[in-house]
Protein chains: 2
Amino acid sequence: MAVILQSLPQEAALTKIEYEGPKIALYSRNPAYLMQNSQVVSNMVNTIKKRIVVRTDESIRKPQAQSAEIISKSIPAEVGVAGTFFDPVLGEAVVFAKKPWMLAQTGEDFDNIDLAEKTGWRVRIRKAPRSMAAIENMYRLMGETVAERTRFYREVGDKIFRDKLIGEAEASLMTLGGFAEVGRSCMLLATQESKILLDCGINESARDSLSALPRFDIAGIGMDEIDAVVLSHAHMDHAGFVPALFKYGYDGPVYCTEPTMLLMEILQQDYVKRSKNPLYLERDIERALVHTIPLTHGIVTDISPDVKLVLSNSGHMLGSVSAHLHIGNGDHNLVYTGDMKFGKTLALDNAYWNFPRVETMIIESTYGGKEDILCPREEAEANLARMITSAAHAGGRVLIPVPAAGIAQELLLTLDLLSKASKITNVPVLVEKIISDATAIYEAYPEFLSRDLRPRISESEESPFGSQFSTVESFETKQGEPAVILAPSSMLTGGPAAGYLKQIASDPTSKVIMVSYQAPDTPGRLLLDGSRQITVEGEALSVRCQIDRIDGFASHSDYNQLMAYVSRLRPKLRRVLVNHGERPKAQNLASQINKIFKIQTQHPLVQEAIKLL
Amino acid sequence: MAVILQSLPQEAALTKIEYEGPKIALYSRNPAYLMQNSQVVSNMVNTIKKRIVVRTDESIRKPQAQSAEIISKSIPAEVGVAGTFFDPVLGEAVVFAKKPWMLAQTGEDFDNIDLAEKTGWRVRIRKAPRSMAAIENMYRLMGETVAERTRFYREVGDKIFRDKLIGEAEASLMTLGGFAEVGRSCMLLATQESKILLDCGINESARDSLSALPRFDIAGIGMDEIDAVVLSHAHMDHAGFVPALFKYGYDGPVYCTEPTMLLMEILQQDYVKRSKNPLYLERDIERALVHTIPLTHGIVTDISPDVKLVLSNSGHMLGSVSAHLHIGNGDHNLVYTGDMKFGKTLALDNAYWNFPRVETMIIESTYGGKEDILCPREEAEANLARMITSAAHAGGRVLIPVPAAGIAQELLLTLDLLSKASKITNVPVLVEKIISDATAIYEAYPEFLSRDLRPRISESEESPFGSQFSTVESFETKQGEPAVILAPSSMLTGGPAAGYLKQIASDPTSKVIMVSYQAPDTPGRLLLDGSRQITVEGEALSVRCQIDRIDGFASHSDYNQLMAYVSRLRPKLRRVLVNHGERPKAQNLASQINKIFKIQTQHPLVQEAIKLL
């Protein structure tokens, strides 16, 4: 603090310095000074090795309505403001615009620094997605919890920046879920100073709660002992237990990207709606949201006295990341890939691989079997077009069960291209509402999408995610009326996809195309394995429609991509732990990495602990 | 309960049935009936598969003084009663006799069943040791805590015999200490239903508390979450933390043999006396004692709803055991060898090896290195005699640093034999008081000693542990006056042995003979490794006396014995975990067992967890 105060001139008009979670916030009555002289702040960051943000002092902030008016005057009408939201905790105003690119062309009056001076708020412009619902909801919640969040940010900072208790660094990793299995991914990183959860998911297709939930019971970890939660992405098998943490007494921060924060809320709400006995309720989801501290890629952030975190794109879905954890004073570097695609897709760039140091890597193995070589993307697209066309010609419907976020958007991009290239014609594409809700988040965060896709969203009014397709909600399709239906759940365990399956099951002209990972014993896996008498949502179903599979849209690396990823890594790994794969897949990947790269590998089970340091 | 009540006739005069820790106690106003018809109880045990004991109803028990008089009248004077002790919780009277064998010859009036009828107490005769102090202290404590122990026994029983919560058996083992190291042995066995500590020691020669104490911190185990503690033997590196468990909130049972219970109390009291900042105080040691439930060899005992325990001799010291834990309904058998001698010594039989089933074995590796081949016993004895004689001839003193219990008594037996065979003559043997205190416990429990030694204690007044030797307390020896001194600590880290070393260090005619394991960085290890400028109890010491070593008295198996033990085991092991050995030793033993027996082996570190089931 002393360093900061000494190095700032009077003009900075500092009023206070406070922890804001993992950052240090400088409150100023003259924020324009520090915004203009950004090298002052950069120098400070380099000196104290902590993240610093400049905030406007509350005393200079004009009321929200008045500020909104000032901001709106500085934005030309063509830009099309869809909403302006204020976060009093951060002193930020975010303007969602339909055509933000117009600002560069016509918004001469729009000047960030000038607006901060005039309103006392820092203003950002973002692209407005097709639906503002999730974003409106988030800002409503933020507005309702200003006092709580202010206190929370201070407390988190106090804990992170407290003095270290003990000198020597230590670390163990406890496997709580998602080892030798897919589902309920959860690990506890226990260091000398902190206990950090990496992912916290549930397995919705598990038979009993013992195999459905992370094994906190046997580890004996109290919810109040956890210091931080880091999430790789929004899927239920990685983030589905998070609201339950809060229900049972957790009160600390959740770190993830901003899209993950919003997508996880959508998926958790959907889970609560779908479940007869949900693990938690809406208020727990909201508590999780309020405690989430969004991070961006590539920024080193202290999350405990002895752990620093850097997130980087993992290519699996919007906002998905690999987590790089620095433990102690350069003592150990742990990289957790999360679900990872080392291969380009339409929606996302390749997973990041250029880590400066890694001693231990935890790598997923969904497709870690030797046989798991996926078909090339071009072939997958051609197959999809062919299957849809042939079904449509016969008057059949095509059901593609997908997770609400991830492969769904990849397929929307693909179907949009196929449709515009006239490779599928006259077939209506029906998109289940929750998928469109998730797609809105994709549209709101173009900076997390692939380099190719980004400008198509930021600089265009038309969405590449098939804005011409119809959003439906558990629609009644009719025999003889061709349609392509995208609906979750991806393994046909429930959700609208199960309903659509019942609609088409008896129709031999219709077709189910499986495109994603199918867990053992799920209806989707049984169908792929040849069963035609299955039970869906407790109901016996005789399946006479066609069952097809296209694996080329997978959002996970296949075996070759996993091996290519490891080979691409620069630092010499000391150990690789394989997770997130059925046991034979994890085993195969572990033994192949060991054989080919001469690295010590393990494929632990759930309820094990491994000493890292 | 219903089964028991139905199968007992009226004559049994049952008044109540209560849990008594892991047993079911039948209280009777006519105990003679069930004592005479013992097959009734045996049948019941076979039916309900639980341990049953017959207790006299409180209402028929005569006052202790009156009962003592009745008992004393039935015992001839030649038997020499040294003390009669009553335990009101169990309704037992124990008579300590100097010549119990005389009872068989002259004690016609002594009739167990008759005495139970006359006094209302069940009477046992035991051999009185040379000193009754520890036993008197134990019974005093038992007498002072009748209400507490009664409640404790009920509560422990309630917990053990509660219904199981969940069906499927599971088990993980967490390493808290004593892996890839010697010292602070401690593991947590976590099953679906229970958390059981196996050993709980401290490392007295560690530099800091992080490496001195079991790592409960990082595992996040609350003391109140532990259901039971099982101790393999009394040494501080296996039982030294137990009073601290009670200090910090543990309130459950400690299972071990009765000699372990008494020896551990002696060693812990000594530790508290010696330490400047002991981890706990006398009252914590007493709490541990009150919560100890002694078990005998070979009896299957439920210690939690899903774990059964059988103890068997491990040959390391009096009362030392290997622990066989049955998890679930025959789902998994875990054998923990504890410190183990697979080889006969004078004091103890070979370690037991005839386990009916073992899936996982945890084996010690103190001498697990390939180079750890100890010299034969006969050679060791000859060497000892030669070293003592030559030193005595030169007018020198011989210091043998030993643990207070274990090798000390083995050496007492050896010195007694050598002395009687005139192989060492005219050399006084000085035995430090704490060793004699421990020897008293050896004398009180002949049934735990070797088959050869047992009758020499039960049927003789003269102790084979050298009753002609002098017990001393930090005695001032003089240069030029030969003596053999047995004193702890065994690694010269402190205790009276450190004082004796200071007395003889400058005398080149004197000699230190190291006979036991020496931990890294201890004065004992440094001397063996050739250092002559060492620090003892913070004091720099220049050592000019001779340093010798005899490894043939070791109370641990050497490499060959460890391998012979594994080879002798009948059941096919699924996995061997190697512990209690410096890292290279553990590693060597693990790789050799794997190579030769084709069994999966691991040599985990502290702070790891291994899924067993």
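These are my notebook entries on a predicted model with chains A and B.

**Conventions.** I number residues from 1 along each chain as its sequence is written, with chains lettered from A and ligands numbered from 1 in the order in which they are written. Since the model is predicted, I note that local features need pLDDT of at least 70 and that side-chain atom pairs count only at pLDDT 80 or more, while totals for chains, interfaces and linings use all residues.

**Entry 1, the two copies.** I then looked for the C-alpha of chain A nearest the axis and found that of A:A609, 2.0 Å from it. Both copies use the same surface, as 100% of the contact residues of chain A recur in chain B; residues are in contact if their C-beta atoms, placed from the backbone, lie within 7 Å.

I take helices (H or I, at least four residues) and strands (E, at least two) as DSSP runs, numbered from the N terminus. Helix α8(B), residues 146–160, has 15 residues and reaches 21 Å from its first C-alpha to its last, close to the 21 Å expected at 1.5 Å a residue, where the expected span is 1.5 Å times one less than the number of residues. I call a residue buried if 20 or more other C-beta atoms, placed from the backbone, lie within 10 Å of its own, exposed if 12 or fewer, and partly exposed in between. The buried residues of α8(B) are B:R149, B:Y153, B:V156, B:G157 and B:I160. Seen down the helix axis they fall within an arc of 100°, so they line one face of α8(B); the arc is that of the directions from the helix axis to the C-beta atoms. They pack against β1 (14–20), α7 (133–144), α14 (282–290) and β13 (301–304) of chain B, whereas the face turned away from the buried side carries the exposed residues B:A147, B:R151 and B:D158.

I followed an open sheet of six strands in the order β20-β19-β21-β18-β22-β25, with parallel pairing; strands pair if DSSP finds at least two bridges between them. β20 (470–472) and β25 (546–549) of chain B stand at the edges with a single partner strand each, so one side of each is left without a neighbour in the sheet. Between β19(B), residues 429–432, and β21(B) I found three bridges, and B:V429 has B:V484 as its bridge partner in β21(B).

Most residues other than glycine have a negative phi, and most peptide bonds are trans. I found a cis peptide bond between A:P488 and A:S489, with omega about 5°, and another from B:P488 to B:S489, with omega near 0°. A:S489 is in the loop between β21 (483–487) and α19 (495–504) of chain A.

Notes
Least-squares fit on C-alpha atoms with pLDDT ≥ 70 in both. Contact = placed C-beta atoms within 7 Å.
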